[in-house]
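Hello,

Here is the structure I promised to pass on. Please have a look at it before reading my notes.

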Amino acid sequence: MKRGSIKWITVHAMLLSLALALSIVESFIPFGIPGAKLGLANLVILIVMHFYGFFSALLINVLRVLIASLATGTFLGMGFVMSLSGAMASFLLMYVAHRWIKIFTPVGVSILGAYSHSLAQILVAVIYYGTWGVFYYFPLMALISLATGTINGFAVELLINNRSLQRTMELKR
Amino acid sequence: MTEEAVQTQTPKKKNFFLKHLFDFLLLGVLALGTASAYIVRAVQKSQVKSLDLTARITKLGQELMTINLYEEGETERNFTIEGTKGKLTIGVKKNAIHVHDAECPGQECVHEGWVSEPNHPIICAHNGIYISISSYNWSEVIIR
């Protein structure tokens with residue numbers, strides 16, 4: 001699929017819509033901890049990374065965070081900064097694990113992504129508020145991220161091994 | 001289940017664990033590290049004896065006010081502060097503080113409820129508000 005072609009734009013727009021819908025839905029599920037989420041949108045990012053590579057996954061990830069923050073009214077606020085930094089840190093680490101550290105399956109990549117997302121958010125909050133007191137939330141946030149990361153990882157593994165999805169994503173002509 | 005079926009299932013099960021060996025190792029290491037941090041926090045919490053608490057409210061790192069929570073009454077007192085994007089109504093009573101109401105989409109700070117534990121902060125990321133609670137240092141007063 002050629003980058004910039006009608007097919008490429010259509011497929012990426014559909015994947016972005018899916019990631020956005022999941023992102024907005026999960027923002028309404030309260031965990032009681034600032035920044036803690038189910039990480040459903042990460043399912044789409046991992047699948048895109050697997051099928052289409054770095055650029056597509058990065059594009060969808062950045063646009064997802066930007067548009068979701070506009071839709072939920074957090075754009076340019078602290079929530080947005082935390083969300084963007086978490087998304088970028090987890091994305092880069094997931095890509096490194098997926099591309100170069102070949103010992104992990106999508107489950108390990110997802111766990112790494114979820115954990116680094118929490119850690120990056122906390123570190124940004126530490127810088128923003130100028131206190132290490134924010135780390136109070138980290139143990140619980142990290143345990144939640146490990147659980148959600150594992151579940152999402154197995155879901156991604158099932159999906160990328162699904163023949164029907166493979167045919168759809170690879171767009172067999 | 002026939003013997004043949006058992007024989008065909010065993011390698012599949014083995015494959016699953018072998019395939020995910022490093023994933024489970026990673027999960028174990030991270031879970032262990034996080035659990036240790038959780039235990040350290042619980043131990044620190046249990047060592048705090050004083051119940052005389054103070055709350056410090058900051059906006060984007062700038063101190064807005066400090067409240068001696070031990071001087072508050074048993075009934076709740078409310079006041080409003082201005083965050084970066086909206087207002088927050090803070091409620092205080094003896095040795096406890098909470099965010100009663102906040103103009104933010106997530107409402108995580110409101111869901112946090114009453115906090116009466118040192119080192120347990122309340123954060124309203126949307127409004128840049130950070131409320132830290134600490135044990136009042138009486139020894140410092142005596143030395144002064």
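Predicted model: local features only at pLDDT ≥ 70, side-chain atom pairs only at ≥ 80, totals over all residues.

Residues are numbered from 1 along each chain as its sequence is written, while chains are lettered from A and ligands numbered from 1 in the order in which they are written.

**Overall**
Chain B has 4 helices and 7 strands. These are DSSP runs numbered from the N terminus (helices: H or I, at least four residues; strands: E, at least two). Their order from the N terminus is α-α-β-β-β-β-β-α-β-β-α.

**Contact with chain A**
Chain B puts in 28 residues and chain A 31 residues. Two residues are in contact if their C-beta atoms, placed from the backbone, lie within 7 Å. On the chain B side, helix 2 (21-47), helix 3 (108-111) and strand 7 (129-135) each supply at least two residues. Helix 2 of chain B gives the most, with 10 residues.

**The sheet**
In chain B, 4 strands form an open antiparallel sheet in the order 2-1-7-6. Strands pair if DSSP finds at least two bridges between them. Strand 2 (62-68) and strand 6 (122-124) of chain B stand at the edges with a single partner strand each, so one side of each has no neighbour in the sheet. Strands 6 and 7 of chain B pair in the antiparallel sense over 3 bridges. B:I123 stands opposite B:Y130 in strand 7 of chain B.

Best wishes
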